[in-house]
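Good morning, colleagues. Please look at the sequence and the structure together while I speak.

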Amino acid sequence: MSAVTVYVPGDAAAVSVGADAVAAAVVREADARGVEVRVVRNGSRGLLWLEPLVEVATPSGRIAYAPVAAEDVVALFDAGWLEGGEHALRLGDITQHAYFKDQQRVSFARVGVIDPLDVEDYAAHGGWRGLQQALAMAPHQIVQAVTDAGLRGRGGAAFPTGIKWKTVHDTTAPQKYIVCNADEGDSGTFSDRMLMEGDPLCLVEGMAIAGLAVGATQGYIYLRSEYPHAWRALNAAIANAYAGGWLGADIAGSGKRFDLEVRLGAGAYICGEETALLESLEGRRGMVRFKPPLPAIQGLFGKPTVINNVITFSAVPAILADGAQAYQAHGTGRSRGTLPLQLTGNIARGGLVELPFGSTLRTLLYDYGGGSASGRPIRAVQVGGPLGAYLPESLFDTPLDYEAFARVGGMIGHGGIVVFDDSVDMLQQARYAMEFCAVESCGKCTPCRIGSTRGVEVIDRFATHGAVQEALLRDLCDTMLHGSLCALGGMTPFPVLSALDHFPEDFDRVRQPSAA
Ligand SMILES: Cc1cc2nc3c(=O)[nH]c(=O)nc-3n(C[C@H](O)[C@H](O)[C@H](O)COP(=O)(O)O)c2cc1C
Ligand code: SF4
C-alpha cells in the first residue's frame, strides 16, 4: 500500500495552536502501527477557528478533521481516519463547508491545497502557466493584460496596478527593480502571511511576471521580521524555484532573467509606507520620502521601481493564465476581481474569506463570522487597519467596493476587519488611534509628529474639560488630514472622527460641564 498523505498545516496560526505537535504525533503513531504516512505541511484553508485542521487524502478525496489536538491522534487512527473513518472531529470535504463553498478563491486557490514548497505540486495545480504565457508575450502586452483585468493595489491605496507598471515600463533606465511590500503592518490583517506561507511560489511567479513586464531583472521581498515562518517558506520556495529553472538567468529556457531575494524589516509600521520601505531596503532608517519623484520613476537606489503588495502580485499569475476578462468578470463597479478578507477581533469564526468585491460587511460578520465571539451584539467594526474608520451597525450593508466605502468615510485597505462588541469604549479607540500614530510616526512632519501627541492629550481632557474639546479635536484632525506628508498622519483622523461621528454617546458619557 502506498503512503497515505496527511496534510497538517505549517501555517503560523495553526502552529500557534499545536499543529507541530499534531504532525509529530501523526508520524509517531503511524510508525508505531507500521503504517506508511506522508505528512505534508500545507498552508491553512483559512478556517482559523478550526485549526489545526488536518486533512487525509483518502481514495474518495480529502477528508478533514478539526480541530485536532496531539492527544486526539491515537483515537483518529483507531477510527480509521486514513480511510476517512467516522469520528467526532470528522468534517468531511472541507471545500463543501458552509464557510468555504461559496468563496471564490483566485489568489488563494492553492493555499491549503498544495505542498507550498514543491514546484511540481505547484505546477500540477495550475502554477507557472501565467509565467509561461508572459514569456510568450511582449512586455507591453503583459502590462495591458494587468490593466484590462482592472487590478488595483491590495496594500491599501487601491491604485491601478497597470498604470503603475506602465510608468515603469515606459522609463528607459538600464536597471529597474520589482519590490514586494510584505510588511503587513495593519491591525487585523494576515492574508499576506497566509499566502507567503501557503503558496509562496505564487508570489514568486507574480513578481517574475512583473519583471518581464517592465524590464526589471531584480526583485526584493521586504518582509516584516515578525513573520519567521514566512521567511523560511519564501527562502525555501525561492531556492526551489531557482533549482526548477523558474528564476535566474534563463527562466524556463527563455533566455530571460529574474533574480529574487528576501530582506527583513525591523518592525516599524511606517516601513510599510512605500518610500519609507525603500529607505529601509537601502539600509537607512525608515523615513518617508517626498513625492514626487514617484518610486515608479526614481525608486530603489534611485531606479524605476514597481512596488506592490503581496496580494497584488499574487493576483497576477491567474490574470495571465486565465486572461484579464476572467479576472475582471469578478467584482463590481471599479473594484474588479476578488479580495481576501480577514475576519478578526471579537468574532466567533475568524479566518480568511476570499470573495469578489460587492459582498457586504453584514454577510461577512454574520454568515461567515457567526457574530461576535462573546455572543454580545456587534457594535463597531474597523475595516482597513489602524487608519480605517470605525463603522456602526447602520453601515453594515455597505458593499465591499472601494468607492462605496469611500462614500461612507471608510476604506477597505488591505481587507482586515476587526470586530468589537457592545462593550467597546469608542473614546478609548479614538485615543488609541492617536497614540498609535504618535508611537509609529517617522517624525518628518509636524502635524503628525506633534499633532498625534496633542491628540491623545485632547482626548484625555474630554473627561475633565468637556464639550470644548470636541471643536479642538476636530480642528486638530483637520490639520493632520491636510498637513501631513503621508497617510499615517493624514488618515489617523479617520478612526478618530468616525468614533466621534458614529458613537457620540461614548464621548458624551465622559463629558462633564466645562471646568473652564
Ligand atoms: C503608514 C503606511 C503603512 C503602510 N503599510 C503597508 C503595508 O504594510 N503593506 C502594504 O502592502 N502597503 C502598505 N502601505 C501602502 C504602501 O505605501 C503602498 O501603497 C503599497 O505598497 C503599494 O502597493 P499596492 O499598489 O499593490 O497596494 C502603507 C501605507 C502607509 C501610509
Ligand atoms: S505623516 Fe507622520 S509618518 Fe508620515 S511623513 Fe509625516 S511624520 Fe512621517
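Let me begin with two terms: helices (H or I, at least four residues) and strands (E, at least two) are DSSP runs, numbered from the N terminus. Two strands pair if DSSP finds at least two bridges between them. This is a predicted model, in which local features need pLDDT of at least 70 and side-chain atom pairs count only at pLDDT 80 or more, while totals for chains, interfaces and linings use all residues. Residues are numbered from 1 along each chain as its sequence is written, chains are lettered from A and ligands numbered from 1 in the order in which they are written, and side-chain values use heavy atoms, with hydrogens and water left out.

I turn to the first topic, an open sheet. Five strands build this sheet in the order β2-β1-β3-β4-β5, with mixed pairing. Because β2 (37-40) and β5 (90-92) are at the edges and have a single partner strand each, one side of each lacks a neighbour in the sheet. From one strand to the next, the twist averages 25°; axes here are lines fitted to C-alpha atoms, for helices over the stretch in contact, and angles run from 0 to 180 degrees between N-to-C directions. Strand β4 (residues 61-65) runs antiparallel to β5 and is joined to β5 by two bridges. Within β5, G92 is the residue opposite A64. Helix α2 (residues 19-33) lies across β1 (4-7), β2 and β3 (54-58), at about 170° to β2; contact means heavy atoms within 4.5 Å.

Another open sheet also has five strands, in the order β13-β12-β16-β14-β15, and its pairing is mixed. Its edges are held by β13 (351-356) and β15 (390-392), each with a single partner strand, so one side of each has no neighbour in the sheet. Direction ignored, neighbouring strands of this sheet are turned by 30° against each other on average. Five bridges pair β14 (residues 378-383) with β16 (residues 416-421) in the antiparallel sense. V381 has V419 in β16 as its bridge partner.

Next, the backbone. Most residues other than glycine have a negative phi, and most peptide bonds are trans. E51 and P52, however, are joined by a cis peptide bond with omega of about -5°, and P52 belongs to the loop between β2 and β3. The bond from P292 to P293 is also cis, with omega near 5°; P293 is in the loop between α11 (274-281) and β9 (305-309). A158, a residue other than glycine, has a positive phi near 60° and lies in the loop between α6 (139-149) and α7 (161-170).

Finally, which residues are closest to ligand 2? They are C442, K444, C445, C448 and C486, among 13 residues that surround ligand 2, where near means a heavy atom within 4 Å.
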